Amino acid sequence: MRPSSRSTHTTVQLRTRPGALTALIALVTTIGLALTLLTVAAPPAAAADLLSQGKPATSSSTENASTPASAAVDGNTGTRWSSTFSDPQWLRIDLGATATISQVVLRWEAAYARAFQIQTSDNGTTWTTVHSTTTGTGGVQTLDVNGNGRYVRLHGTQRGTAYGYSLWEFQVYGSGGGTPPGNGIPDPTAASLEATNGPLTTATYTVPSPTGYGSGTVTYPTNSGSYPGVVLMPGYQGTQQNLQWLAPRLASWGFVVINVGTNTLSDDPASRGRQITAAGTQLLALGDAPGNPISGKLNGTLGAVGHSMGGGGVMAALRDDARFRAGVPTAPYYPNANFSGVTEPTFFLTCQSDPVAHGNDYAVPWYTSMSQAEKLYIEVPGDHLCPMTGSGNKAKQGKWIVSFLSLWLGADTRFSPFLCGPVRDADKNNTSLVTRWMDTCPF
């Protein structure tokens with residue numbers, strides 16, 4: 001019979017001389033120390049990073065406005081991308097720079113792909129297949145892959161149902177990647193963000209046939225690459241001049257900006273919201289169409305900035321149109337409106353002495369009610385016109401707006417310190433510059 005460990009231990013104690021016991025203890029100690037050193041010296045395998053969340057996403061089609069491509073990379077398993085009901089279809093993510101791809105996780109809605117490929121590309125045109133199947137079953141699929149590229153694409157060739165392709169999340173893991181669009185945008189500083197223009201050169205283009213709104217002037221980076229789109233919407237009796245100061249500033253930091261003139265000067269906030277949606281639709285369509293200077297420059301992500309009734313329209317767009325991923329309502333006005341359901345990042349810029357749309361009447365109640373959104377609220381000196389061209393501190397306002405949209409539309413965390421943390425405190429604590437500051441930091 002095999003002796004127990006206790007019996008073995010007792011036998012060793014009885015038969016081992018004191019000198020031998022000392023040597024044995026020293027040997028065991030040496031071996032234990034060696035094993036400890038070996039354990040410390042062997043580093044753990046590096047964990048793969050989630051590269052895709054918040055990055056620009058485009059698709060061959062969408063079922064409707066509430067199922068955009070961006071919903072598959074927003075980290076929210078309650079939102080989804082869904083295509084039209086035909087084959088083939090694709091969903092593409094721009095990682096911002098070349099990355100090593102080690103794993104892809106597909107979280108399918110009921111409408112899944114039976115046959116599909118996962119593909120990578122350096123230029124978004126030539127594709128390499130790193131995974132292929134004709135027997136997909138839907139659900140949650142975790143795929144170990146081995147590939148490299150800036151772009152990662154799901155290419156569906158056979159649907160598993162009569163509906164389209166639909167993903168709650170398309171998650172790409174690996175190492176590398178970058179901050180899109182990355183096209184010559186250096187690390188921001190307070191001085192560069194407070195300058196009138198950013199690092200990119202820009203040009204303008206007049207929309208030839210506005211659809212659903214009065215007029216549109218697009219300001220865009222002349223650099224190659226694709227960028228988020230931003231709609232600028234004026235207030236009551238306002239024109240494109242209202243936010244003209246902001247268009248070139250945003251474009252020079254990597255946005256394609258459409259500055260909108262309205263159908264009429266005296267409509268209402270609900271109409272301004274519909275016109276923001278219409279302008280966003282046409283901006284994306286121009287980006288997809290050949291033969292114009294912004295062809296290929298839109299990455300499918302949209303945001304909006306509006307003043308007064310235009311600010312109320314921004315809130316309506318964030319609430320009603322899932323394509324809009326962040327918004328900046330300035331001195332916003334929209335009586336009897338409920339925006340508690342807005343979940344997208346929102347920056348309220350209000351004016352301390354505003355007799356028309358004081359923050360206490362509109363923006364603060366909305367801010368308080370939006371329990372699921374990342375939020376920033378800054379009140380500055382001035383009356384209702386403080387965010388408009390020719391009024392207010394445009395260096396500071398521009399820095400905050402560019403930083404907010406770069407963070408939430410461009411997934412560029414380099415801009416976060418200007419909104420959260422010690423770097424921004426010089427602004428936040430300057431009572432001559434800021435009369436009230438609220439936020440949900442750290443973002």
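Start by selecting cysteine 351 and cysteine 386: a disulfide joins them, S to S 2.0 Å. (A disulfide here is a pair of cysteine sulfur atoms within 2.5 Å.) By this rule the count comes to two disulfides. A disulfide is a covalent bond between the sulfur atoms of two cysteines. Turn the view to look along the link of cysteine 351 and cysteine 386, and you'll find it left-handed, with -80° about the S-S bond. This pair ties together distant parts of the chain, 35 residues apart: cysteine 351 sits in strand E15, while cysteine 386 is in the loop between E16 and H8. Those labels are DSSP runs numbered from the N terminus, with helices (H or I) of at least four residues and strands (E) of at least two.

Before moving on, a word about what's on screen. This is a predicted model, where local features need pLDDT of at least 70 and side-chain atom pairs count only at pLDDT 80 or more, while totals for chains, interfaces and linings use all residues. Residues are numbered from 1 along each chain as its sequence is written, and side-chain values use heavy atoms, with hydrogens and water left out.

**Next stop: the sheet**

E15 (residues 346-351) and E16 (residues 375-380) run parallel, paired over six bridges. (Two strands pair if DSSP finds at least two bridges between them.) Pick out threonine 350, and its bridge partner in E16 is glutamate 379.

Now select the whole sheet. Nine strands make up an open sheet with mixed pairing, in the order E9-E10-E12-E11-E13-E14-E15-E16-E17. At the edges are E9 (202-206) and E17 (436-439), each pairing on one side only. On average, neighbouring strands are turned by 15° against each other, direction ignored. (Axes are lines fitted to C-alpha atoms, for helices over the stretch in contact, and angles run from 0 to 180 degrees between N-to-C directions.)

**Helices across the sheet**

Show helix H6 (residues 309-320). H6 lies across E11 (227-233), E13 (298-307), E14 (324-330) and E15, at about 160° to E14. (Contact means heavy atoms within 4.5 Å.) Then show helix H8 (residues 394-408), which lies across E11, E13, E14, E15, E16 and E17, running at about 165° to E14.

**Into the pockets**

Keep both helices displayed: H6 and H8 each supply at least two residues of the lining of the largest pocket. How much space lies in the largest pocket? About 940 Å³. To find the spot, select Asp74, Arg325, Glu344, Pro345 and Trp408, the closest to its centre of the 39 lining residues. H6 gives the largest share of this lining, three residues. Colour the lining by type and you get 17 nonpolar, 13 polar and nine charged.

A few terms for this stop. On a 1 Å grid over the protein atoms alone, a cavity is a set of points where a 1.4 Å probe fits but cannot get out, and a pocket is an open set with protein on both sides within 12 Å along at least five of seven lines; lining residues have an atom within 4 Å of a point. Grid points are joined across faces, edges and corners, and a volume is the space filled by probe spheres set on the points. Ala, Val, Leu, Ile, Met, Phe, Trp, Tyr, Cys and Pro count as nonpolar, Asp, Glu, Lys and Arg as charged, and the others, Gly among them, as polar.

The second largest pocket has a volume of about 540 Å³. Select Thr58, Ser59, Leu284, Asp288 and Gly300, which lie nearest its centre among 26 lining residues. H5 gives the most to this lining, with five residues.

**Last stop: a cis bond**

Finish at aspartate 87 and proline 88, joined by a cis peptide bond with omega about -10°. Proline 88 is in the loop between E3 (81-82) and E4.
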